[in-house]
Structure formats: structure tokens, C-alpha cells
Amino acid sequence: MAKLCKQFGALSYVEAMADDLSGHAWPHADFAKMAKAKDDEVVFFSYITYPNKKARIKANKLIDAEMQKQMKENPQAKNQSMPFDMKKMAYGGFQSVVMF
């Protein structure tokens, strides 16, 4: 996915694995609880940056088209399971408010 995102204009692609999610002063902000992660599951936080919203929308369309093409070329790919529970995945677009 990182290669596709970069190919279609992403400035950066990050997949971060949780390594410290407990014992914080704000228990309501616990990523593991929000993801309803089981004891044997690992929480990831990922993000992709694009130069602007227009570039992100264009890239998402191109990435989707490429993935559809790859699935048509390799029908066995449809039967492969995702490496994570898609029901626990959340996504959306965000506009930077503060950058330092």
C-alpha cells in the first residue's frame, strides 16, 4: 500500500504499532479500548499525508482503480483475508490545523 500511495502522490506513509497504551492519565483516550482490541491483538495507527485534499482524492481514486485491476488479474487475491479486522478500521480525511 505504501508503494501505491507514494506512486500516486503521497508525501509520506506511516504505519505505527502501539507500544504504550496503558496507565495514562486519560483513560477515556485509550486506543486499545476505542478499537475494542482483544488481549492478543495489536493496535496500529496509520496515516498518509498528501500535499492537499485534491491530491488525496485523486490518489484514492487511482489506488482504488489499481487495486481493482490487481484483483481482476489475480482472482485468488479475492479469497485472501486481510491482515487485520476491517470492522475495527476507521478512516477519513483531515486538514492540518497546526504543523510544527
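The following legends describe close-up views of a predicted model.

Local features in this predicted model require pLDDT of at least 70 and side-chain atom pairs count only at pLDDT 80 or more, whereas totals for chains, interfaces and linings use all residues. Residues are numbered from 1 along each chain as its sequence is written, and side-chain values use heavy atoms, with hydrogens and water left out.

**View 1. The largest nonpolar core comprises six residues.** Leu-4, Cys-5, Ala-10, Tyr-50, Ala-59 and Ile-63 form this core (a set of buried Ala, Val, Leu, Ile, Met, Phe, Trp, Tyr and Cys residues joined through side-chain atoms within 4.5 Å). Helix H1 (2–7) and H3 are the elements that give two or more residues to the core; helices are DSSP runs of H or I with at least four residues and strands are runs of E with at least two, numbered from the N terminus. Beyond its neighbours within four places in sequence, Tyr-50 is in contact with residues including Phe-8, Leu-11, Arg-56 and Asn-60 (contact: heavy atoms within 4.5 Å).

**View 2. Phe-31, Phe-45 and Tyr-47 are linked into a cluster by ring pairs.** The count of aromatic pairs comes to two (rings of Phe, Tyr and Trp, the last by its six-membered ring, with centres within 6.5 Å; planes under 30 degrees apart are stacked, over 60 edge-to-face and the rest tilted). Phe-31 and Phe-45 pair edge-to-face, at 5.9 Å centre to centre and 65° between the planes. This pair links distant parts of the chain, with Phe-31 in helix H2 (residues 31–34) and Phe-45 in strand S2 (residues 44–49), 14 residues apart. Phe-45 and Tyr-47 form a tilted pair, with 5.9 Å centre to centre and 50° between the planes. Phe-45 counts as partly exposed because its relative accessibility is 44% (buried is under 20% relative accessible area, exposed over 50% and partly exposed in between, with a 1.4 Å probe and protein chains only).

**View 3. Lys-36 has a positive phi value.** Phi is near 55° in this residue, which is other than glycine. Lys-36 lies in the loop between H2 and S2. Its relative accessible area is 66%, and Lys-36 is therefore exposed.

**View 4. Five residues make a nonpolar surface patch of about 590 Å².** Met-82, Phe-84, Met-86, Met-89 and Tyr-91 make this patch (residues with over 30% relative accessible area and no salt bridge; nonpolar side chains Val, Leu, Ile, Met, Phe, Trp and Tyr are joined within 5 Å, like charges within 9 Å). Accessible areas come from the Shrake-Rupley method with a 1.4 Å probe, and for residues only the protein chains shown count as cover. A salt bridge places a side-chain nitrogen of Lys or Arg within 4 Å of a carboxyl oxygen of Asp or Glu. Phe-84 is found in the segment after helix H3 (53–73).
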